[in-house]
Structure formats: structure tokens, C-alpha cells
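Please look over the sequence and the model before reading on. The paragraphs below are meant to be read beside them.

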Amino acid sequence: MMLTSDTAVQVQQQNVNLVSVTNGHVSLEINLENGEVSCIGNHSSYVKGIRSAFRWQGREYGTDHYQVHELVAKEDVVREGFGKGIRLVVLHKASLLPQLEQHFYMFESSPYVLVQTAIVGDEELKANRMAVIQSKAVSIGGESGQNEPSILRVPFDNDKWVRYTVVKPPLDVESYEVTALFAPDSRRGIVMGSLTHKVWKTGIRMQSEQSGHIEGVDLYGGAVSELTRDSQPHGYVKGKRVESPLVFIGFYEDYREGLEAYGQANTWIEAQLPWEGGVPIGWNSWSAAMSDLDYDLYIATTDFLKNEVQPLGFENEDTLYINFDAFWDNFTPEEMKNALDRVQQNGHRAGTYWTPFAFWGGPDQFGQVVEGTNGTYTYGDILLRDSDGEILPDVDGGLAIDPTHPGNLQRIDWFTDKFISEGFEYIKLDFLAHGSLEGQHHNPDITTGIAAYHYGMSYLQHKLSPEVIGRPFFINLSIAPLFPYALAHSRRISCDVFGTLADTEYLLNSLTHGWWMSNTLYRYNDPDHSVLYKSFNQEATGWHEGRSRLTASVIAGTVLLLGDDFRKEEAAERARAWLGNTDILNVARMGKTFRPVEGDMGKLSSDVFVLESPEEKSFYLAIFNFDAAQAAEKPISLERAGLNANALYNVQDLWEGSQGETSGELIVSLEPAESKIFRLTVKENGSESNN
């Protein structure tokens, strides 16, 4: 029997127990006899035998614990972005257990399915673990041995120099919020992840005891671990109806397209925070001075950039951002006023720094009155505690502040009012994972770490919104959870990145697996301060080493803030030599992220990245040599990079300005630590690009 529908999604009840759903790109098979579901993509990829489960009263109960499985709803739906589709609801019933619902969404012409579960009871329920997808049968298709899966582990946040990693079975690994299972050669893959980020921390645990196979996937809300920085269990979600995260499972011929589609799907659920301006370009103080930041450095920097570098073309929208980092409180009020006056006289915009959810004092400072509370609250009052009233263990040396505490909301009022009145137009918010820790929150309606973080960040973002203050104010996240995302314009894609070649490779590890976040989740990725010569805490870098650090920032998507003390002559010389390169700066001003050519890199980074620029009918290729001692000759397959293997291309080296031609393959010679960016344009008498 065909169940009628106005969409191109076909639903067919093949017999009393089997319902099939397909849109030609992905299929669902729902078995109403045992309650299992299979999700099957084209080209033999699948996740079969799916069960959903929840932890309740000390045990995990899944769809296989229920005796009755019914298809209780089938309706046409239209969701902005997703388009037309169908929602199916399967209800699982058993005596003594809450009812368990599975909601499946399939849309026309899309190779993915959305899934959400809910438990429902007559009395209040509570759960702190809800598994949306559990399966012991996962395959990315292809002939045996040719498509052995690689699994991407995405970190929860970007603290402690965590890396994205790609691992292979046998394994037991957990990714946070999203993962990709892919075949390195063909790039065929499955992308799974959460699309709602206001209540749960989502984990995706994958297990296997043998190579070449995934033997278990568990995608669930309720993840806590050392990598989420938690010491407490995930908070309970309560109510007569408790819903899991809404999750995405998609099947792609190129897993990179899958991650980009996943990022886009998030924005259809909740849009990114809009930013009408261009890429912020300028300077940040941390790498240049750290805790030794002083008035002379700040003034010297705005003057140097205004007088010697901005005339060369290093600017965007006729201005630069000159940003304080930590230790701006070294300045006296008079110094701060004079510094900000000078920045404005130079036509620049001032940026500041704050840690809204972290307290850096010790027990002797717990009695310190919280700013903006008129003596009502001390810092000891607003610290986040566990259910026994004990202060949570510190993270990075800082204690967590409860984002929901009224004293902290008044503190946010006080600091944001200060920043607004002083004329700042940019803020770097740091150590934000403190705000997402599980604990006993002051607001009893907020029972999970992510809910508290979303609450506090929403309050802060509103305080800085153009609707409230009447002008744009750029919000940048530094150390922060990847999700929720819609509360800032940019997020640092990695942890701290200084100037060495090792720093560049570490940054590009994050870009290799996180490029897709730029202009989906956030308006721009942030590659951290670009050190041309010397960080305060490091030895000076070589010429190619420093320029590679800048190249890495340019291709990231990108907030481009310098990180040197330009009173050092070599730093000033490199700025004058490199920052007047119009071709390079135009790439940065695009604000577009380059894609990795390869992803199966273990803990390391791809060394080749590509950007298609349809409006220019061009491609850009960035190539890096991560060896500081040895030169390298790298043959780049144009077909593998997504170009037309048969076309003849004009090739321009954007750093050196040299020109050439190539077809099929680009041979790149690099000095130790060197990088290059090329623009490739099809010759008029050549064939057109296939992209």
C-alpha cells in the first residue's frame, strides 16, 4: 500500500510490519515487528538495525525492550532551508515503561534523514542520557578492503591544544556533536551529528575490535568526559515529555560535502549570528606582549599600522581593529582613555577582552564584591558548585562562574556597559567552556551545562546586539565549545597559535577538519593572531616560517589579526614586505575558507588546501612544507583537488608574482618551512572547468 504524499518522498507499507521510505537518495526501512530501523544511502552505505534508548531508573531501556511498535503519524512538512518532506512518528509501548517516540524526517532531494526521540509519561520523567541512534551494523560501502573506514573525532572545545584526529578500527573513540566516517581514497562517507544545541552535550561513540569494520555506533545526548572538562554527571532533563537532540545522518560521495551540508543544516534550525561588515583585519596584543601589555606598545602599534602598513593596502573597509587581550587592566583609566582616543584618531576600531564565566582569584578573594551588584553578591556567591555545594574543580587555573546566577547577570551588565561606553567595537570572549560545565545552577529551571551556557551567552549577546546599542559590535569566541554557535560572529578554530611552523601545522589540523564551520555556524573562522616574526614567548621565526603562519591565516576564512611587536625592526620589515601584497590580502578579504584536499591525516594536517572562486572563474591552491629542515617537491593532482584534469590553466604564484601554465598536475617546489598560494585560471582556448 502506498501512503499518499504531496512530496517526492515515497512511503510504502510493504506489509503489516515493514514501512519503506525513500526520496531516491536515501531510504528508511522501519520494522514494526521488532522496532528496528535501517537507514541506507546510495552506493551501499548504511546504518542498519538502529535502536533508540534512554537511561531511566538505573537502567538503559531501548526500543527492543518494547512489545508494541506502531506508526502513529505520517505528515507532510515544510521546513525553511530543508524544503518539503515527510515526518513519520513511530511509537513504542510497553507496560511499566514511559512511551518512547521516534521522529523521522526525510526531505526531497536530500541524502540525509533527521531523527529525534522523546520519552513521554503521565508523571514527570527525568533522563540524563538519551541515545538517538545505536547500531552494530555500519558500512560506507564499496568492495571489501577498498573502503576501510576512517573516523573523524571532533573535540568538544578548542582548549588545551586539543587536536582533531582521524582513527581507524580497532578503536573505542568518542567524537562530540558531529563525526564523519569516510573512505580515504574515494572520500565516500557518512556524516552524523546533532542539530540542536540548547540542552544536551552530544557524544558519538564508535567501537570496534577488528580492523576494517565499525561494530558499534552510539549517538546520544548526555556526554560528559575529561574532554568536555566536566567532573560531574550530565544534568537531568525533566518533564512529562523529555526530548533528545535532533540529529542528522547523511550519506555522501564526498564526506567533505557532507560536513558542509551538516553545517548548513544547523543554520536552517538556528541561523548564524548575522554580521553585515567584512572580515576584521588588524592586531591583537596577546602574542606581542602577554601580561607585559602597556600603553606604549598599544599606541605604537596603532601608529605603525596607520602610517606604514595601512597605506600599502593592509586594511578592510578603510579601517583596522586594534585589540586588547588579557591584562588591559594594566592601564590606568587615563591611559585607557588616551589609548582609545588615539585609536579613533587613526580611524581604527578598538577591541577588548573578557572571560565572562571564569574567576581567576583564590579563596582569599572569594569575598570580593561582584562588579555591578552594589555589594549584594561576592565572587564566592556566584561560583558554580556541585549538588553538595562544593565549588567545582578549576579548569586552566580558573574557577567556573554560574552563568545563570543573578550576580553574574549583573556582572555582565556592568562589564558590557563599560565596554560600550568606552567605544569598543569588538570583544574576544575567552575560557567559555567554564560556562558549559555540569553543576548545580542557581536557576532551578536550568539543569544542564549547555542550557546554562546558552542562557548566559544569549544574555551577553543581547547586551551587545545592534538592536540594543545602536551600532555593530563584533563578538569573537576564543577558548569555547564548538556548539552552541549562534551567539558570536566568529570562533577561534584552534587553541592558542603563535608563530612557529609547529603552530602553523597545529592550526591547519583544525582547518583540515573544521573548514566547514566558516560561514555556516560562524560568519568567519578565527585562526588566532598571525605572528610574522616573534611571539613574546618564543624564539624568532625564519622568513618562510613566518610567512607560512600568515598564509595559514589567510586561507582559514578568516579573522586576520597580527600578533607582533612592530617596534622590533624585523617584525616591521616583514609587515612592510608582506602586507602590501594585494593578491594575498584580497584572498583574506574574501572571508572564504579553503577546503582540505586530504583528510586521512591521523593527528596531523593536510598540506594542500583548495578554494573555488566561481565569480573569478578561478581556483586557489595553498601548499605547505611542514619540514623546517628539508626542501620538498610536491606533485599536486588537479583532479584530486577538484579541478578539470584536462584543462590548461594559467598559474600565478601570489606570493612571488611569477606566472606559468599547467595541466593535469602542478609540481610545487618548496624551501624548508615554505608555503605558496597559487591562482589557477582556465586558459581561454582550454576546456572549461568541470566544477
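What follows goes through the model by region, with cut-offs stated where a term comes up.

This is a predicted model, in which local features need pLDDT of at least 70 and side-chain atom pairs count only at pLDDT 80 or more, while totals for chains, interfaces and linings use all residues. Residues are numbered from 1 along each chain as its sequence is written, and side-chain values use heavy atoms, with hydrogens and water left out.

Helices (H or I, at least four residues) and strands (E, at least two) are DSSP runs numbered from the N terminus, and two strands pair if DSSP finds at least two bridges between them. Strand 2 (residues 10-15) pairs with strand 3 (residues 18-22) in the antiparallel sense over 5 bridges. The hairpin that joins strand 2 to strand 3 passes through 2 residues, and N15 has L18 in strand 3 as its bridge partner. Strand 3 also pairs with strand 4 (residues 26-31), again antiparallel and over 5 bridges. Here T22 is opposite S27 in strand 4. The hairpin of strand 3 and strand 4 has 3 residues between the strands, and G24 takes a positive phi near 90° in it.

I119 belongs to strand 11 (residues 112-127). Buried means under 20% relative accessible area, exposed over 50%, and partly exposed in between, with a 1.4 Å probe and protein chains only. I119 has a relative accessible area of 0%, so it counts as buried. Contact means heavy atoms within 4.5 Å. Not counting residues up to four places away in sequence, the residues that I119 touches include F54, P98, L100, M130 and V242. Between the C-alpha atoms of I119 and W200, 81 residues apart along the chain, the separation is 15 Å.

Helix 4 (residues 333-345) has 13 residues and reaches 18 Å from its first C-alpha to its last, close to the 18 Å expected at 1.5 Å a residue; the expected span is 1.5 Å times one less than the number of residues. Which residues of helix 4 are buried? They are M336, A339, L340 and V343. These residues are on the same side of helix 4 because they cover an arc of only 95° around the axis, the arc being that of the directions from the helix axis to the C-beta atoms. E334, K337 and Q345 are exposed on the other side of helix 4. The cover over the buried residues includes helix 3 (295-309), strand 24 (321-323) and strand 25 (349-354). After helix 4 comes G347, with a positive phi near 75°.

A nonpolar core is a set of buried Ala, Val, Leu, Ile, Met, Phe, Trp, Tyr and Cys residues joined through side-chain atoms within 4.5 Å. The largest has 128 residues, of which Y298, F324 and L477 touch the most other members. Helix 3 gives this core its largest share, 6 residues. Another core, of 38 residues, lies apart from it and has V11, I86, V132 and F251 among its members.

Strand 34 (residues 608-613) and strand 35 (residues 618-624) run antiparallel, joined by 6 bridges, and F609 is opposite A622 in strand 35. I555 sits in the loop between helix 10 (543-554) and strand 32 (560-562). I555 counts as buried because its relative accessibility is 0%. Neighbours within four places in sequence aside, the contacts of I555 include L508, L511, F609 and A622.
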